[in-house]
Amino acid sequence: MTLQFFVLVAGVMGAAGVALAAAAAHAAPGAGLDSAAQILMVHAAALLGGTAAVAAGLTFRPLALAALIGFVLGTVFFAGDITLRAFVGNRLFPMAAPTGGSLLILSWLTLAVAAAVRMIRG
């Protein structure tokens with residue numbers, strides 16, 4: 001998997017986050033879209049930062065790539081579930097938002113471990 005893929009996905013996630021922030025303010029106030037927008041935008045930036053860390057050799061690549069994939073999947077599960085509930089009235093799947101949030105937490109910890117492994121190995 002090339003690092004450019006994560007940059008592309010980060011751009012889409014950032015754009016979706018801005019669109020959902022606008023929808024939260026105008027189309028569906030109070031539907032929880034503001035938290036979905038925030039997760040999208042924060043993890044778009046995290047995806048860019050993580051990608052840059054991998055490219056710079058600051059992390060143990062296999063673990064860092066797992067963390068980046070986790071950022072994408074966790075964000076899709078969390079924001080996708082909230083967005084579907086707001087606009088369609090259905091969930092992505094049962095427990096999708098909490099699963100996504102848990103995956104995001106695990107991905108942040110995985111990124112930290114990837115940096116620690118790189119520090120130890122030199």
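User: What does L68 touch, leaving out residues up to four places away in sequence?
Analyst: L68 touches F6, L47, G50, T51 and V54. Contact here means heavy atoms within 4.5 Å.

User: Before we go on, where does the model come from and how is it numbered?
Analyst: It's a predicted model, where local features need pLDDT of at least 70, side-chain atom pairs count only at pLDDT 80 or more, and totals for chains, interfaces and linings use all residues. Residues are numbered from 1 along each chain as its sequence is written, and side-chain values use heavy atoms, with hydrogens and water left out.

User: OK, back to packing. Which residues touch the most other members of the largest nonpolar core?
Analyst: F6, M13, L20, L33, L47, L68 and F71, out of 31 residues in that core. A nonpolar core is a set of buried Ala, Val, Leu, Ile, Met, Phe, Trp, Tyr and Cys residues joined through side-chain atoms within 4.5 Å. Buried is under 20% relative accessible area, exposed is over 50%, and partly exposed is in between (1.4 Å probe, protein chains only).

User: And which helices supply that core?
Analyst: Helix 1 (3–26), helix 2 (33–55), helix 3 and helix 4 each supply at least two residues.

User: How many helices and strands in the protein?
Analyst: Four helices and zero strands. Both are DSSP runs numbered from the N terminus: helices are H or I with at least four residues, strands E with at least two.

User: What share of the contacts between residues at least 6 apart joins residues at least 24 apart?
Analyst: That's 68%.

User: Switching to the surface: which residues form the nonpolar patch?
Analyst: V76, L84, F87, V88, L92 and F93, with about 490 Å² of accessible area together. Patch residues have over 30% relative accessible area and no salt bridge; like charges are joined within 9 Å, nonpolar side chains (Val, Leu, Ile, Met, Phe, Trp, Tyr) within 5 Å. A salt bridge is a side-chain nitrogen of Lys or Arg within 4 Å of a carboxyl oxygen of Asp or Glu. Areas are Shrake-Rupley with a 1.4 Å probe, and for residues only the protein chains shown count as cover.

User: Where's F93 found?
Analyst: In the loop between helix 3 (61–87) and helix 4 (96–121). F93 is partly exposed, at 31% relative accessible area.

User: What about the backbone at M95, what's phi there?
Analyst: Positive, about 65°, although M95 is not a glycine. M95 is found in the loop between helix 3 and helix 4, and counts as exposed at 52% relative accessibility.
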